[in-house]
Amino acid sequence: MTAITTALSLPFSLCRSTKSYTRKYVKGSFGVFAVYGEEGGMPDKTSSWLTLFNVEDPRSKVPQIKGRFLDANQALQVARYDLQYCDWRARQDVLTIMLLHERVVEVLNPLAREYKSIGTMKKELAELQGELSQAHNQVHISEARVSAALDKLAYMEELVNDRLLQERSTAESDCPSSSASTSTALLDTVKSKQPRRTLSVSGPVQDYSSRLKNFWYPVAFSADLKDDTMLPIDCFEQPWVIFRGNDGKPGCVQNTCAHRACPLDLGSVKEGRIQCPYHGWEYSTDGKCEKMPSTRLLNVKIKALPCFEQEGMIWIWPGNDPPAATLPSLLPPSGFQIHAEIVMELPVEHGLLLDNLLDLAHAPFTHTSTFAKGWSVPSLVKFLTPASGLQGYWDPYPIDMEFRPPCMVLSTIGISKPGKLEGQSTKQCSTHLHQLHVCLPASRHKTRLLYRMSLDFAPLLKHIPFMQYVWRHFAEQVLNEDLRLVLGQQDRMLNGANIWNLPVSYDKLGVRYRIWRDAVDSGAKQLPFSK
């Protein structure tokens with residue numbers, strides 16, 4: 001079997017605690033005698049309601065696996081022990097809360113009040129309140145650990161099931177051999193012939209399908225489009241220009257004058273109309289020419305796209321189908337403030353850039369001078385996601401990630417310090433960075449990238465002068481580390497190399513994007529991962 005490694009969530013020592021203390025609680029005729037260890041060991045004597053917590057600590061049964069490579073079955077066994085431990089730990093956390101409530105009852109006992117001052121009681125209750133708050137937080141951490149352990153177990157079971165199916169298929173298709181040498185040779189042949197899932201992404205970039213155009217695309221940030229300015233953009237190899245009309249609403253028209261094909265963005269915006277710099281023809285946001293100086297006004301109209309503004313972004317619909325009635329929301333989660341909005345034009349095909357953004361396993365090798373400086377290389381990197389989803393989270397990194405069709409990547413990163421990772425999941429981290437990447441297909445070799453960064457801490461950074469230049473400098477540093485690699489990929493792809501020749505487990509989200517993209521290009525009636 002293929003050797004694999006696994007990571008455990010056991011955060012405690014495998015040694016049992018040797019120190020303990022006892023405490024006795026009495027409430028009427030109901031008594032509890034509890035023995036606590038340093039790590040919350042089980043009580044020796046239990047009442048009827050404590051039987052739920054009388055579960056043996058599974059740590060003594062965990063096999064010694066540190067530094068060893070495991071086959072799929074061994075790793076599955078370890079994952080099951082991991083889940084048992086998380087269950088045991090969660091029971092201890094709940095038990096702690098119940099016993100703390102008993103202590104609260106003891107402090108509030110009318111008989112005890114006769115021997116204590118009000119100040120003493122307040123002090124004891126305040127201490128208990130702090131302990132209860134800490135215990136409740138520990139319960140939430142245990143819930144997250146159990147969830148992560150279940151995901152790991154499901155992942156390991158999937159690996160084992162796949163291996164069993166392959167072995168069963170091999171056994172049915174190949175005749176058994178009586179000699180040991182023949183069996184060994186057969187096993188080597190089977191291993192060499194085991195099928196691998198591959199994708200074919202090679203050769204010159206093909207023309208974009210009309211179906212890929214039938215989506216809403218964010219093309220600009222609202223803050224960049226003033227009343228008297230315009231924004232030229234390319235989308236699907238067509239030039240467009242965006243400007244605001246008299247009502248303040250944005251419009252998107254073909255960036256070519258109907259008269260002599262002069263680029264309209266070389267002109268100016270006057271009274272809600274864009275004026276051609278060649279002969280002064282003026283167009284409204286619906287593309288109609290409303291002014292022709294020095295000649296009779298003709299009925300002329302240039303192409304205009306459906307254009308709307310929502311939540312600080314300007315969207316267009318470049319397809320021929322009727323536009324969808326609603327626009328997706330790309331706002332950061334509640335509690336975040338937007339700190340930076342950056343636009344860049346990059347000389348790479350947008351699918352290649354999306355492949356890169358949907359991959360985190362490259363970070364400790366590629367981004368060694370920026371955010372991943374000092375990161376260790378994990379023994380196993382996985383992206384855990386529902387079977388029908390385009391979103392999930394990275395293990396062991398505390399990062400949630402989603403591909404949002406047709407060209408958006410959203411991610412939430414748990415951080416404690418810039419460039420450092422903290423905790424096992426984003427929920428366990430106290431501070432977070434949220435990112436939005438929009439990869440607009442400008443042409444087959446160019447991408448218009450919209451980047452938005454939000455934080456749920458340090459709100460004062462928004463008010464520091466020139467801070468946006470600092471964020472842009474950092475974003476460009478990170479992007480340049482990726483760009484040199486992606487440009488190399490693009491060069492080899494154009495010469496026939498398959499850039500998705502051997503996908504592995506941590507490529508899951510990128511593979512799903514490519515499957516979705518292929519379905520769109522081929523005109524599939526039902527797109528995958530649409531639920």
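Two strands are taken to pair if DSSP finds at least two bridges between them, and strands (E, at least two residues) and helices (H or I, at least four) are DSSP runs numbered from the N terminus. The structure described here is a predicted model, in which local features need pLDDT of at least 70 and side-chain atom pairs count only at pLDDT 80 or more, whereas totals for chains, interfaces and linings use all residues. Residues are numbered from 1 along each chain as its sequence is written, and side-chain values use heavy atoms, with hydrogens and water left out.

## Overall make-up

The protein has 8 helices and 20 strands. Of its 531 residues, 43% are buried, where buried means under 20% relative accessible area, exposed means over 50%, and partly exposed lies in between (1.4 Å probe, protein chains only). Among contacts (heavy atoms within 4.5 Å) with a separation of 6 or more, 62% are made by residues 24 or more positions apart.

## Two open sheets

Strands of a sheet pair through backbone hydrogen bonds, either parallel or antiparallel.

Strand 4 and strand 5 form a hairpin with 2 residues between them, and Phe236 in the turn has a positive phi of about 55 degrees. Ile242 of this sheet stands opposite Cys252 in strand 6, while Leu231 stands opposite Ile242 in strand 5.

| Strand pair | Bridges |
|---|---|
| Strand 4 and strand 5 | 6 bridges |
| Strand 5 (residues 238-244) and strand 6 (residues 250-254) | 5 bridges |
| Strand 17 (residues 399-404) and strand 18 | 6 bridges |
| Strand 18 and strand 19 (residues 431-443) | 8 bridges |

## An enclosed strand

In strand 18 (residues 408-415), 8 of the 8 residues are buried, so this strand is largely enclosed by the rest of the structure. In a regular strand the side chains alternate between the two faces of the sheet. For strand 18 both faces are covered, with Met408, Leu410, Thr412 and Gly414 buried on one side and Val409, Ser411, Ile413 and Ile415 buried on the other. A hairpin of 3 residues joins strand 17 to strand 18, and across that pairing Ile399 has Ile413 as its bridge partner. On the pairing with strand 19, the partner of Val409 is His437.

## Nonpolar cores

A nonpolar core is a set of buried Ala, Val, Leu, Ile, Met, Phe, Trp, Tyr and Cys residues joined through side-chain atoms within 4.5 Å. The largest such core holds 83 residues, and those with the most contacts inside it are Tyr217, Val219 and Ile316. Helix 7 (residues 467-494) contributes the largest share of this core, 7 residues. Leaving aside residues up to four places away in sequence, Val219 touches Ile233, Ile242, Ile314, Ile316, Leu440, Arg448 and Leu450. A second, separate core has 16 residues, including Met230, Val253, Trp281 and Val300.

## Helix packing and a loop residue

Helix 5 (residues 350-357) and helix 8 (residues 508-522) pack at an angle of about 150 degrees, with their axes 9 Å apart. That angle makes helix 5 roughly antiparallel to helix 8, since angles over 145 degrees count as roughly antiparallel, those under 35 as roughly parallel, 65 to 115 as roughly perpendicular and the rest as oblique. The contact is made by His350, Gly351, Leu352, Leu354 and Asp355 of helix 5 and by Gly510, Tyr513, Arg514 and Arg517 of helix 8.

Arg260 lies in the loop between strand 6 and strand 7 (268-270). Arg260 and His279 are 19 residues apart in sequence and 9.0 Å apart in space, C-alpha to C-alpha. Not counting residues up to four places away in sequence, Arg260 touches Tyr278 and His279.

Notes:
Axes fitted to C-alpha atoms, helices over the stretch in contact; angles between N-to-C directions.
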